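Try each task before you read its solution.

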Amino acid sequence: MRKQSLPMNSLAKFVIVMGVSGSGKTETARRLAAATKGALLDADDYHPAENVDHMRRGLPLDDAMRWPWLDALCQAAIATRAELTSRAIAAPLPGLPTPPIFIACSALKRRYRDFLRTHLGADLIFVFLDGPRDLILDRMNNRAGHFMPAALLDSQLADLEPLGPDEDPLTISIMAPIDDIVWQVLDDLTARNDRESGTEASVSADEKTTSTGG
Ligand SMILES: Nc1ncnc2c1ncn2[C@@H]1O[C@H](COP(=O)(O)OP(=O)(O)O)[C@@H](O)[C@H]1O
Ligand SMILES: O=C(O)[C@H](O)[C@@H](O)[C@H](O)[C@H](O)COP(=O)(O)O
């Protein structure tokens with residue numbers, strides 16, 4: 001695994017860390033934001049109170065309860081991006097674009113991810129934290145001060161639709177130490193960035209050849 005300096009240039013605007021409750025979304029997104037000086041949004045903060053009460057009572061959410069939550073999350077993400085962009089315009093740092101926004105959000109079903117894509121735009125990457133039920137259960141049981149009962153894990157796993165091959169998937173095993181998970185994500189973001197810059201460079205070169213040759 002490459003352990004180069006932090007990839008600050010042109011990271012995706014939104015990186016959504018997804019997976020079932022207890023898979024490590026919040027911890028991973030928090031560390032990614034700290035490592036890149038990016039922003040952090042925890043989707044849990046955008047649930048209406050009745051959703052949290054519902055889960056606290058051991059009842060799984062359904063689609064109707066998740067749409068307003070996802071809508072509120074999108075509005076917050078868009079507002080955060082606008083704020084970061086206006087700060088960058090007011091005090092531009094050479095070579096440093098708007099910092100990325102890391103979002104910890106279960107995004108369990110494909111249709112929730114499509115909703116996020118529709119509202120947040122194409123510059124969005126999903127990182128799926130995948131792992132065995134028993135390990136996740138153990139982490140939920142040992143996590144203090146969270147409203148989510150471990151008894152809801154099976155309903156989360158039942159709802160989970162892993163990233164499909166057409167979703168440009170980045171799937172990471174949660175069996176790795178958290179620092180390794182963070183580096184895997186940063187490595188992948190850097191590689192995507194390199195690919196995009198390479199593509200842009202070759203397009204410009206092709207265009208130049210065409211215009212000078214014609
Ligand atoms: N890779 C990891 N190794 C060990 N513990 C982890 C790892 N990732 C997360 N944890 C711990 O597991 C628990 C669940 O993580 P959390 O980030 O709250 O999950 P989620 O946000 O997906 O519900 C927390 O106590 C967290 O510190
Ligand atoms: O869609 C859902 O069913 C909820 O969003 C759920 O996926 C989320 O996991 C809980 O809010 C608990 O929060 P944590 O995932 O942070 O444990």
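Predicted model: local features only at pLDDT ≥ 70, side-chain atom pairs only at ≥ 80, totals over all residues.

**Exercise 1.** In which sense do β4 and β5 pair, and over how many bridges?

Residues are numbered from 1 along each chain as its sequence is written, while chains are lettered from A and ligands numbered from 1 in the order in which they are written.

*Solution.* 
- Helices (H or I, at least four residues) and strands (E, at least two) are DSSP runs, numbered from the N terminus. Two strands pair if DSSP finds at least two bridges between them.
- β4 (124-130) and β5 (170-173) pair in the parallel sense, over 4 bridges. Look for F128, whose bridge partner in β5 is T171.
- On to β1 (14-18): β1 and β4 are parallel too, with 5 bridges. Here I16 sits opposite F126 of β4.

**Exercise 2.** How many of the residues of β4 are buried?

*Solution.* 
- Call a residue buried if 20 or more other C-beta atoms lie within 10 Å of its own, exposed if 12 or fewer, and partly exposed in between, with C-beta atoms placed from the backbone.
- By that count 5 of the 7 residues in β4 are buried, and the strand is mostly covered.
- Zoom in on V127. Leaving out residues up to four places away in sequence, V127 touches V15, V17, M18, L170, I172 and V185; contact means C-beta atoms, placed from the backbone, within 7 Å.

**Exercise 3.** Which residues touch the most other members of the largest nonpolar core?

*Solution.* 
- A nonpolar core is a set of buried Ala, Val, Leu, Ile, Met, Phe, Trp, Tyr and Cys residues joined through C-beta atoms within 7 Å.
- The largest one has 40 residues, and I16, V17, I103 and V127 touch the most other members.
- Elements giving two or more residues to this core include β1, β3 (101-104), β4 and α7.
- As background, nonpolar side chains tend to be buried together in soluble globular proteins.

**Exercise 4.** Is K13 buried or exposed?

*Solution.* 
- Find K13 in the segment before β1.
- K13 counts as buried because it has 21 C-beta neighbours inside 10 Å.
- Its contacts, not counting residues up to four places away in sequence, are R81, T98, P100, I101 and D123. The C-alpha atoms of K13 and I101 are 5.9 Å apart, though 88 residues separate them along the chain.

**Exercise 5.** Where are A107 and D168 found, and is each buried or exposed?

*Solution.* 
- A107 lies in the loop between β3 and α4, with a positive phi near 40°. A107 is buried, because 27 C-beta neighbours lie inside 10 Å.
- D168 lies in the loop between α6 (153-159) and β5, and its phi is positive as well, about 50°. D168 is exposed, because 11 other C-beta atoms lie within 10 Å.
- For context, most residues other than glycine have a negative phi.

**Exercise 6.** Which residues come nearest to ligand 1?

*Solution.* 
- A residue is near a molecule if its C-beta atom, placed from the backbone, lies within 6 Å of it.
- Of the 15 residues around ligand 1, G24, K25, T26, E27 and R139 come nearest.
- α1 (25-36) and α7 (178-213) each give two or more residues to this shell, and α1 has the largest share, with 3.
- Ligand 2 has 13 residues around it, the closest being S21, D44, L61, S106 and M148.

Technical notes. Contact = placed C-beta atoms within 7 Å.
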